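Please look over the sequence and the model first, then read the notes below.

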Amino acid sequence: MRPVGGWVLGIFSDRYGRKAALGLTILMMAGGSLIIAITPTYATIGIAAPLLLTGARLLQGLSLGGDAVSIPASSSSAPPSASWPPPPWAGS
């Protein structure tokens, strides 16, 4: 799923920007985690439980593929003034 996520979210990032793509990947990861957290047991809903868990994990994998595209691209294209301040021992 990660390569597919990189491809799909890479296209989304090209059209709507890296900030929007990063926000979408965070929402997708949070949504997948929420589904995993609130899915009832197999005894409660039967075969739907493992199907929901599998779908949530696929959503997280798709999101991780998008993160692999948008985060490095965002951090490498940031201007030097937007980066973290250098440590005191690094000099000016």
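The model is predicted. The chain has 4 helices and 0 strands, and buried residues make up 23% of its 92 residues.

**Overall layout**

- Read from the N terminus, the elements of the chain run α-α-α-α.
- Among contacts in the chain with a separation of 6 or more, 66% are between residues 24 or more positions apart.
- Helix H1 covers residues 2–16, and helix H4 covers residues 48–76.
- Between helix H2 (18–38) and helix H3 (42–45) there is a loop.

**The annotated region**

- The UniProt record, an unreviewed entry, places the feature "transmembrane region" at residues 20–53.
- In the model, residues 20–53 are 85% helix and 0% strand.
- The end C-alpha atoms of residues 20–53 are 26 Å apart.

**The nonpolar surface patch**

- Met1, Val4, Trp7, Val8, Ile11 and Leu58 make a nonpolar surface patch of about 550 Å².
- Helix H1 gives the largest share of the nonpolar patch, with 4 residues.
- Leu58, another member of the patch, has its place in helix H4.
- Leu58 counts as partly exposed because its relative accessibility is 41%, which falls between the limits of 20% for buried and 50% for exposed.

**Thr39, in a loop**

- Thr39 is found in the loop between helices H2 and H3.
- Its relative accessibility is 16%, so Thr39 counts as buried.
- A polar atom of the Thr39 side chain lies 2.4 Å from the backbone oxygen of Ile35.
- With neighbours within four places in sequence left aside, Thr39 is in contact with Ala49, Leu52 and Leu53.

- Gln60 has its place in helix H4.
- Gln60 counts as buried because its relative accessibility is 12%.
- Which residues does Gln60 touch, not counting those up to four places away in sequence? They are Met29, Gly32, Ser33 and Ile36.
- Ala21 is found in helix H2.
- The relative accessible area of Ala21 is 1%, so Ala21 is buried.
- Ala21 and Gly66 are 45 residues apart along the chain, and their C-alpha atoms are separated by 7.5 Å.

**Arg57, in helix H4**

- Arg57 is found in helix H4.
- Is Arg57 buried or exposed? Arg57 is exposed, because its relative accessible area is 57%, over the 50% limit.
- From C-alpha to C-alpha, Arg57 and Ile35 are 9.2 Å apart in space, and they are 22 residues apart in sequence.

**Points to keep in view**

- Helix H4 holds Leu58, Gln60 and Arg57; Leu58 is partly exposed, Gln60 is buried and Arg57 is exposed.

Conventions. Residues numbered from 1 in each chain as written. Predicted model: local features only at pLDDT ≥ 70, side-chain atom pairs only at ≥ 80, totals over all residues. Heavy atoms only, no water. UniProt positions renumbered as here; feature names shortened; annotations may be inferred. Helix = DSSP H or I, 4+ residues; strand = E, 2+ residues; numbered from the N terminus. Patch = residues over 30% accessible without salt bridge, like charges linked within 9 Å, V, L, I, M, F, W, Y side chains within 5 Å. Areas by Shrake-Rupley, 256 points an atom, 1.4 Å probe, with all protein chains shown as cover. Salt bridge = Lys/Arg side-chain N within 4 Å of Asp/Glu carboxyl O. Buried < 20%, exposed > 50% of the residue type's maximum accessible area, 1.4 Å probe, protein only. Polar contact = N/O pair within 3.5 Å; in protein donor to acceptor, adjacent residues only side chain to side chain. Contact = heavy atoms within 4.5 Å.
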